[in-house]
Amino acid sequence: MFIFKYESNVRSEERLEFWHKHEMCNFQEIIWTEDPHNEKMPVNTAAASGIMKIGGGFANLEEFLSTLDIPPLSSKTYQKEHNTIATAWEKVAEREMYSAAMEEKQLAVQAGEIGPDGFPTLTVVVDGCWAKRSYRNNYSSLSGAAAIVGFRTKKVIYMGVRNGYCMVCSRAAAANEQAGRHCCSKNWHGSSSSMEANIIQEGFMNSVAMYGIKYTKIIGDGDSNVYKTILDSRPYDALQVEKLECKNHLFRNFCLKLKDLVKDSKVGPIILRKCLGKNILRLRKFIFSVIASIAKNKNLNNYSILQKQILNAPYHIFGDHTKCLDCLCDDDKKEKNWIPDLLESGLMYKVMHVVSNLADNSKSLLISANNNCVEQFNSIVAKFIGGKRIYTFLFTRKLSCSM
């Protein structure tokens, strides 16, 4: 019968070693709870990686392990593992972005999209996100990220992070001391709202040097600051970058502006505003059907016809079908005509101003461009930082998230 007696128990963070001794022959051996020669991810690294992937940190990991009655990692060990993982993720992200750019470049060459200077020209989707929500009025986030995604592959080909805060520097400044040697995460001194434009501008300026390509068309939301920054920087000399608006953002702004008219008592009688409010979704649906019909009909596939029919949409919805195309109009023409009342009150002119802004983007609507792929990337970023509602400073490095 073999009897083993534990002589000591030495803790090495999450990996334990046990010394045991045979009582008869005095044979001694060390047993590890984890094989030190195993090529798989060590348990300390796996624990740190797991908590980072769900948007947590050292305090979350410590509480979780304590609940399981498992001795937690020390703060120093966790930070060491965190830095190792972050460095590895950054290298993988750079490699994956280069691979995605080469794939996008090859597809552009196959489609014959090559500029006069020999560089492939790409259509890209751009957008940014921040560490906390602005709620359309409070743009004070200290960390932000932005990405450039290939239109064809839907893969990230460039991304950047801007931080306006460093904990070490902040604590030293509060104590009127000089910050010691550290890896400073602060790389931004401007406003929060200009972080996105700066990152995307940087991506455009470096596209030729990094990948040998040019971004000639961008698909983005209604943020004009980003496009203006790109135009002012002139990344490709005489070549001007063209912008296409995201269809989803166009219709969202379109509906929001019409709802604002419904709430404004100064723009017209309440009965007409109620009529407008009941028909906003109907108006949106009709414009969607017009876009689909014109896109399918090769004889009508041009922007001018679409623009005219979008401008005619309010007349169609409110009972005036004199300018409707037969192939697009199938409503009951015996319904009440509200147009004279809307014109007399002046509300029609307010509505047409909103509709004309949408009609001006007929090209983007006909192409049906959207920035959903970047929004999906932003959701991954939000997961890594614990969600946009949590004020956090985890943007200390480039977040390496693959699409």
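Biologist: At what angle do the axes of helix H8 and helix H13 cross?

Modeller: Two packed helices are described by the angle between their axes and the distance between the axes. Here the axes of H8 (residues 247-263) and H13 (residues 347-359) cross at roughly 175° and come within 10 Å. H8 and H13 are therefore roughly antiparallel (angles over 145 degrees count as such). This is a predicted model, in which local features need pLDDT of at least 70 and side-chain atom pairs count only at pLDDT 80 or more. Residues are numbered from 1 along each chain, and side-chain values use heavy atoms.

Biologist: Which residues of H8 meet H13?

Modeller: Among them are Phe-251, Phe-254 and Leu-258, while H13 contributes residues including Val-351 and Val-354 (contact means heavy atoms within 4.5 Å). By class, the contact has 9 nonpolar, 1 polar and 2 charged residues.

Biologist: How many salt bridges are there?

Modeller: Side chains of opposite charge can pair when their charged atoms come close. With a side-chain nitrogen of Lys or Arg within 4 Å of a carboxyl oxygen of Asp or Glu as the rule, the count is 7. One of them joins Lys-155 to Glu-103 at 3.0 Å, N to O. Lys-155 lies in the loop between strands E5 and E6 and Glu-103 in helix H3, so the pair ties together parts 52 residues apart in sequence.

Terms used. Axes are lines fitted to C-alpha atoms, for helices over the stretch in contact, and angles run from 0 to 180 degrees between N-to-C directions. Helices (H or I, at least four residues) and strands (E, at least two) are DSSP runs, numbered from the N terminus. Angles under 35 degrees count as roughly parallel, over 145 as roughly antiparallel, 65 to 115 as roughly perpendicular and the rest as oblique. Ala, Val, Leu, Ile, Met, Phe, Trp, Tyr, Cys and Pro count as nonpolar, Asp, Glu, Lys and Arg as charged, and the others, Gly among them, as polar.
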